[in-house]
Amino acid sequence: QVQLVESGGGLVQTGTSLRLSCAASGFAFRAYPMGWFRQAAGKDREFVASITYSDITATYGGSVEGRFNISRDNAKNTVYLQINSLKVEDTAVYFCAKGRARFVSEDAGNARQYDYWGQGTQVTVSS
């Protein structure tokens, strides 16, 4: 049974940093790409970042590139999202997701490329 459990969210101030974690189980973690999405209240889910199984290629959504960094530790079955210089507009629920077997890196921002999702962790940024 695939499980993805996010953690690390919270209430923070603008300009600070957070590291989100997503602990995976129930599948061969090192063999699959992983991604992060976020959804703000009243808005559509937005692609944040993805990383290939080999940790070679990272892809970022246009609104976060430069401040966010995705990484993975295959020994710990965990994917991370480092968020720097937090802004109020980063307030959202952040979800991690497992990439499908036939993942197309060029289409990493498409939610249909992912087949399992975590429950999300809330990040709230106050000014």
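Ser-50 touches Met-34, Gly-35, Thr-57, Ala-58, Thr-59, Ile-70, Phe-103, Ala-108 and Tyr-114, leaving out residues up to four places away in sequence. Contact here means heavy atoms within 4.5 Å. The model is predicted: local features need pLDDT of at least 70, side-chain atom pairs count only at pLDDT 80 or more, and totals for chains, interfaces and linings use all residues. Residues are numbered from 1 along each chain as its sequence is written, and side-chain values use heavy atoms, with hydrogens and water left out.

Ser-50 lies in strand S5. Strands (E, at least two residues) and helices (H or I, at least four) are DSSP runs, numbered from the N terminus. Ser-50 is buried, at 2% relative accessibility. Buried denotes under 20% relative accessible area, exposed over 50%, and partly exposed in between (1.4 Å probe, protein chains only).

Arg-45 sits in the loop between strand S4 (34–39) and strand S5 (46–51). Arg-45 is partly exposed, with 36% relative accessibility. Beyond its neighbours within four places in sequence, Arg-45 contacts Phe-37, Arg-38, Gln-39, Phe-95 and Trp-117.

One disulfide was counted (a pair of cysteine sulfur atoms within 2.5 Å). Cys-22 and Cys-96 form a disulfide, with their sulfur atoms 1.9 Å apart. Cys-22 belongs to strand S3 (residues 18–25) and Cys-96 to strand S9 (residues 92–99), so the pair ties together parts 74 residues apart in sequence. Cys-22 is buried at 0% relative accessibility. Cys-96 is likewise buried, at 0%.
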